[in-house]
Amino acid sequence: NTTQKSTAHVNTDRMPLPREIRQLYRNITLCADILFIGRIICFGTISQKVLFTSIQPIKNRKKVETILPHIAVIRDIYRTRGFKVTHLLTDTEFSVLRNPLMAMGITLNVTSADEHVPEIERNIRYLKEKVRGTVNSLPFRVLPRVLLNGSIHDATKWMNMFPCKAGIPNMSPRLILTGLRTDVKIHCRVPIGSYCHVHDEPNPSNTNIPRSTGAIALHVQANVQGGYNFINLTTWKVIQRRSW
């Protein structure tokens, strides 16, 4: 009996970044490393002072073909808010990126042998603790890869949602980088792992096919109105829905 609902008005207003923050923290130093969560390979970064965390699952560890495009995307995210990524701190594994990063205006600094970048190491450890806590709170004996990916995304989202003690006071990393405030009515509508019947909107709509699909909730989408990603239990693919 599910009926199609009208689309809510989308408010695209974003909080402007205060001039003082842009002046004090304009030049950004990123710390980066590769991490493994189960069998999933991820590329992670955290910025000094701003402390914005980005975790991106990757297919392989090829530096130029795989890692460099992700660094360019992260650089552009900071650039849209008036920041400039000037340095990248990594271990010796990333030495092959020195010249490509120099062409992007980023200076690469690698550690010595058997040395690590402390900021990203602590950040990775905290992320793994959050993912482990999420996984062990779910009522499943075995997690498919898509649900573990969703757990990583969800943990990263919450790490950026709240102000950090060592970061900029009273402003979360997400607010600084996106200008979007956290809203419980948008970002806390359904917990990860919940079983839901998501509402479908078939076209044409004058047929007798089902109007809902069984699904497992993953995480909120990166949009303003607060749509969510789900695992379709019929196809095992990730779908996006706005009501359930």
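A charge is taken to sit over a ring if NZ of Lys or CZ of Arg is within 6 Å of the ring centre and within 35 degrees of the ring normal. With that criterion in mind, and remembering that this is a predicted model, select lysine 63 together with phenylalanine 94: the lysine lies over the face of the phenylalanine ring, at 5.6 Å from the ring centre.

Phenylalanine 52 lies in the loop between strand 2 (40-47) and strand 3 (53-58), while tyrosine 78 belongs to helix 2 (residues 63-80), so the contact ties together parts that are 26 residues apart in sequence. Phenylalanine 52 is buried, at a relative accessible area of 13%, and tyrosine 78 is buried as well, at 1%.

Phenylalanine 83, like tyrosine 78, is buried, and with Phe52 included the three residues form one aromatic cluster.

Finally, move to the surface and select Tyr195, Leu233 and Trp236, which form a nonpolar patch with about 350 Å² of accessible area together. Within this selection, centre the view on leucine 233, which is found in the loop between strand 8 (228-232) and strand 9 (238-241). Leucine 233 counts as partly exposed, because its relative accessibility is 32% and that class covers values between 20% and 50%.

Notes: Residues are numbered from 1 along each chain as its sequence is written. This is a predicted model: local features need pLDDT of at least 70, side-chain atom pairs count only at pLDDT 80 or more; totals for chains, interfaces and linings use all residues. Side-chain values use heavy atoms; hydrogens and water are left out. Helices (H or I, at least four residues) and strands (E, at least two) are DSSP runs, numbered from the N terminus. Buried means under 20% relative accessible area, exposed over 50%, partly exposed in between (1.4 Å probe, protein chains only). Rings of Phe, Tyr and Trp (its six-membered ring) pair if their centres lie within 6.5 Å; planes under 30 degrees apart count as stacked, over 60 as edge-to-face and the rest as tilted. Patches are made of residues with over 30% relative accessible area and no salt bridge: like charges are joined within 9 Å, nonpolar side chains (Val, Leu, Ile, Met, Phe, Trp, Tyr) within 5 Å. Accessible areas come from the Shrake-Rupley method with a 1.4 Å probe; for residues, only the protein chains shown count as cover. A salt bridge is a side-chain nitrogen of Lys or Arg within 4 Å of a carboxyl oxygen of Asp or Glu.
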